[in-house]
Amino acid sequence: MSKVESIEREVESLTQEELAAFRAWFLERDWLAWDQELELDVAAGRLDGLAAEALAEFERGETT
């Protein structure tokens with residue numbers, strides 16, 4: 001059995017209250033990971049092209 005399968009079994013055995021607490025913890029952890037990934041992408045310049053495109057559209061009056 002893989003680690004993920006083991007975790008899935010454990011999650012399936014949680015009470016409703018435990019599941020709610022786990023869900024809240026997991027969502028917070030997921031958002032933090034996403035934020036970190038976004039910060040790394042910004043620092044590496046991976047979003048510069050999208051930002052430039054958005055600013056150009058704004059300057060041309062193509063945004064609302």
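The model is predicted: local features need pLDDT of at least 70, side-chain atom pairs count only at pLDDT 80 or more, and totals for chains, interfaces and linings use all residues. Residues are numbered from 1 along each chain as its sequence is written, and side-chain values use heavy atoms, with hydrogens and water left out.

**Exercise 1.** Determine whether the span of H2 agrees with its number of residues.

Solution. Helix H2 covers residues 16-43; helices are DSSP runs (H or I, at least four residues), numbered from the N terminus. The expected span is 1.5 Å times one less than the number of residues. For the 28 residues of H2 this should give 40 Å, and the end C-alpha atoms are 40 Å apart, so the two values agree. Just after H2, glycine 45 has a positive phi of about 80°.

**Exercise 2.** Classify leucine 27: is it buried, partly exposed or exposed?

Solution. Buried means under 20% relative accessible area, exposed over 50%, and partly exposed in between (1.4 Å probe, protein chains only). Leucine 27 lies in helix H2. Its relative accessibility is 44%, so leucine 27 is partly exposed. Glutamate 18, also placed in H2, is partly exposed because its relative accessible area is 41%.

**Exercise 3.** State how many aromatic pairs the whole structure contains, and name the members of one aromatic cluster.

Solution. Rings of Phe, Tyr and Trp (its six-membered ring) pair if their centres lie within 6.5 Å. Phe22, Trp25 and Phe26 together make one aromatic cluster.

Methods:
Helix = DSSP H or I, 4+ residues; strand = E, 2+ residues; numbered from the N terminus. Phe/Tyr/Trp six-rings, centres within 6.5 Å; stacked < 30°, edge-to-face > 60°.
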